[in-house]
Amino acid sequence: GPAPSARGMHCAAVVGTDGGDAMLIHGGRGRDGSTPLDDLHSLCLRTLRWSRVETPLARFGHAAAVLPSGAELVLFGGLRAGETGATFYSDTWRLLHAAQQDGALPLERVRGVGEPRRRFAHCMAALGSTVYVFGGSDAAAEMADLHAGEME
């Protein structure tokens, strides 16, 4: 399929069980600088072919981390700007790359206790089954907080 359109503030990660089977690119903002994108593009690193899946997660400035299995990608936070203002997110989603079937990727909402407050432009990393979120911004301030959550 075609490569992703021009975008900024998207997230990307390499997933796979053999040192990386695919590079995933999710969301971002479009060429006009404000339109949030909801697509997920997967580049097969063996064939260098792109595929595309729509998701319900139109946003930019979010972050992603790959869990140790290599087959699961966790997405957190981000921003959606529109004519009525900005919406900041504090939701966590898990994408199961290994379970892809017929061009669809299983995506599930993960709910935890004490999730970080809404933010965008933060960073995220996984060490073992623990996912860490640091910093970012909301409409009022820059943040310097660190959150850790277990992914089971």
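In which sense do β5 and strand β6 pair, and over how many bridges? I found that β5 and β6 (residues 72–82) run antiparallel to each other, joined over 4 bridges; two strands count as paired if DSSP finds at least two bridges between them, and strands are DSSP runs (E, at least two residues) numbered from the N terminus.

I note that this is a predicted model, in which local features need pLDDT of at least 70 and side-chain atom pairs count only at pLDDT 80 or more, while totals for chains, interfaces and linings use all residues. Residues are numbered from 1 along each chain as its sequence is written, and side-chain values use heavy atoms, with hydrogens and water left out.

I then looked up the position of A64, which stands opposite L75 in β6. The open sheet has 4 strands in the order β5-β6-β7-β8, with antiparallel pairing. Its edge strands, β5 (63–66) and β8 (107–110), each pair on one side only.

Next I turned to the largest pocket, which holds about 310 Å³ of space, a volume being the space filled by probe spheres set on grid points that are joined across faces, edges and corners. A pocket is an open set of points on a 1 Å grid over the protein atoms alone, where a 1.4 Å probe fits, with protein on both sides within 12 Å along at least five of seven lines; lining residues have an atom within 4 Å of a point. I listed 19 lining residues, of which T92, E115, P116, A148 and G149 are the closest to the centre of the pocket. β11 gives the most to this lining, with 4 residues.
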